[in-house]
Amino acid sequence: MSKSNLKILISWALMCAPIFALAQKKPNVILIMMDDLGYGDLSCYGASQYQTPNLDKMAKEGVRFTHFLSAQAVCSASRAGLLTGCYPNRIGISGALFPNSKIGINPEEETIAELLKANGYRTGIFGKWHLGDHKDFLPLQHGFDEYVGIPYSNDMWPVHFDGTRPDNNSRRKFPELPLIRGNDASSYIKTLDDQAQITQILTKESIQFIERNKAKPFFLYLPNPMPHVPINASESFRGKSKQGLYGDVMMEMDWSVGQILQTLRRLNLEKNTIVIFTSDNGPWQNFGNHAGSTGGLREAKGSSFEGGQRVPFLVQWKGHLPEGTIQNSLAANIDLLPTICAITNSQLPRKKIDGVNIQALMQGIPDMEPRQVFYYYYRTNNLEAVRKGSWKLVFAHAGRTHEGFMPGQDGFPGKLKEDFPFPQGLYDLRRDPGERYDVSEKYPEKLAELIALGNQARSEIGDDILKVKGTENRMPGIVVIP
């Protein structure tokens, strides 16, 4: 073994030793996920006209990823991937589930909460669930001990974009938006002013959960419903930013994270708690000044281009992760389940998962690439792209585009096109992060390699575009609703 390789090995062992030692003490896990937060929406990722000092500090004292992907560019599918470690189409979840959905997460799928609960953890979720609103699908039936939040997106209510309830409102048939405690509605969110209180409520509930469980291992999942529209900020933050209401909401989001981190410091839990921050997908760009930023990446929410799926990802664990590290390797939210299980010495699911352990990336170990390939699925089971390293092949498909359409304003959406015929294209994301220049003719060997990888995915979990049926797809949960 060369001296340089020996140095790397020794460094790796020393860096990992604290994790292995602390894993025996069952470190706490806090997972904070925003809704429709774009890659460019934190000041440490380039945001302007407002500041996110608590999240910037988290990046400075932890690890910031620059190529972290959501499982899919839409709410329910992304959350299914995060909690189960699977491509969501493998387990039958696609799109965004609506109120009174007949499907939800299958009880046979094992979530992060179930795996940690089996390992002695107290588990709580405070925020948006969106994996089925029937009682059989709610969090308490899938590993969580406590739940306070909304069952689906905050725009799935009988209220128009301006907060009124006109007869011609397309949402008038939706039920009132419940704030659920346990398995039952404790109150209802009926106005935009009610929406403004959501972040404060969920932050308070999260802090109380930490305080109640400070002497035992806990898993706290905080999937904040904002900045998904309709957005609103509490009185303390309204009018505080230079970017209007969206900036106000972002400042309140940052405050919420700061309150969580401050609670850990106050209770002397920082060194025994790993804190993760991310988003479910890119911004809903056609809402204009009520939507976030992709940081210059192509397209946005609802698209398999990078603007739809590349999201911020920060991880902090005082005394156990290198501070101020920037991680440029590929990773995805389906990797969190196996990583958290490894850190906490919890069992992996019995059924096959797609995530890989990215603990080495969090540790900053050089030359590690645990995730080699990522598949961009969308809609029911459309394979729209495949990525290996910095190379990405976008397959010909009909998809959403925001380009060429004026965005909306002040809570109202602009137009977009859902069936734009995107041609096949090979992109080198190192040189072309905006996915603008098809280099298929220059790199035929890369084109062939990624086509072969796409065929591997199709044989296993299918592809509706080419009408290929997968051999390893699983069914979602199904209920009979009278």
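Visitor: Hi! How many residues in the lining of the largest pocket are nonpolar, how many polar and how many charged?

Guide: Hello! This is a predicted model, and in it the lining of the largest pocket divides into 9 nonpolar, 5 polar and 5 charged residues.

Visitor: Which residues lie nearest the centre of that pocket?

Guide: Out of 19 lining residues, Ala-96, Phe-98, Met-156, Trp-284 and Lys-301 lie nearest the centre. The space in this largest pocket comes to about 300 Å³.

Visitor: Let's stay with Ala-96. Where is the place of Ala-96?

Guide: Look in the loop between α3 (75-84) and β4 (103-104). Ala-96 is partly exposed there, because its relative accessible area is 25% and buried means under 20%.

Visitor: And what is Ala-96 in contact with, leaving aside its neighbours within four places in sequence?

Guide: Val-74, Cys-75, Ser-76, His-130 and Met-156. Met-156 was also among the residues nearest the pocket centre, and Cys-75 is one of the buried residues of α3.

Visitor: How many residues of α3 are buried?

Guide: The count is 10 of its 10 residues, so α3 is mostly covered. These buried residues pack against β1 (28-34), α4 (112-117), β5 (122-128), β9 (218-223) and α9 (336-344).

Visitor: What comes just after α3?

Guide: Gly-85, with a positive phi of about 75°. Helix α11 is likewise followed by a glycine, Gly-462, whose phi is positive, near 80°.

Visitor: Tell me about α11, then. How many residues has it, and what distance does it reach?

Guide: Helix α11 covers residues 444-461, which makes 18 residues, and it reaches 26 Å from its first C-alpha to its last. That is close to the 26 Å expected at 1.5 Å a residue.

Visitor: Which residues of α11 are buried?

Guide: Leu-447, Leu-450, Leu-453, Gly-454, Ala-457, Arg-458 and Ile-461. Seen down the helix axis, the buried residues of α11 fall within an arc of 145°, so they line one face of the helix.

Visitor: New topic: cavities. How many of 30 Å³ or more are there?

Guide: The count comes to 6. The largest cavity has a volume of about 80 Å³, and its lining has 7 nonpolar, 2 polar and 2 charged residues.

Visitor: Which residues line the largest cavity?

Guide: Among them are Asp-155, Trp-157, His-160, Arg-171, Val-229, Pro-230 and Phe-287. Two of these, Val-229 and Pro-230, are joined by a cis peptide bond, with omega about 0°.

Visitor: Where is Pro-230 found?

Guide: Pro-230 sits in the loop between β9 and α7. Pro-227 has its place in that loop too, and the peptide bond from Met-226 to Pro-227 is cis, with omega near 15°.

Visitor: Last one! Which residue has a positive phi of about 60° although it is not a glycine?

Guide: Asp-367 does. You'll see it in the loop between α10 (359-362) and β14. Gln-49 is another residue that is not a glycine but has a positive phi, about 70°, and its place is the loop between β1 and α2 (53-60).

Visitor: Is Asp-367 buried or exposed?

Guide: Asp-367 is exposed, with a relative accessible area of 73%. For Gln-49 the value is 46%, and that residue is partly exposed.

Conventions: Residues numbered from 1 in each chain as written. Predicted model: local features only at pLDDT ≥ 70, side-chain atom pairs only at ≥ 80, totals over all residues. Heavy atoms only, no water. 1 Å grid on protein atoms, 1.4 Å probe; cavity = no way out; pocket = protein on both sides within 12 Å on 5 of 7 lines; lining within 4 Å. Points joined across faces, edges and corners; volume = space filled by probe spheres on them. Nonpolar A, V, L, I, M, F, W, Y, C, P; charged D, E, K, R; others polar. Helix = DSSP H or I, 4+ residues; strand = E, 2+ residues; numbered from the N terminus. Buried < 20%, exposed > 50% of the residue type's maximum accessible area, 1.4 Å probe, protein only. Contact = heavy atoms within 4.5 Å. Expected span 1.5 Å × (residues − 1). Arc of directions from axis to C-beta.
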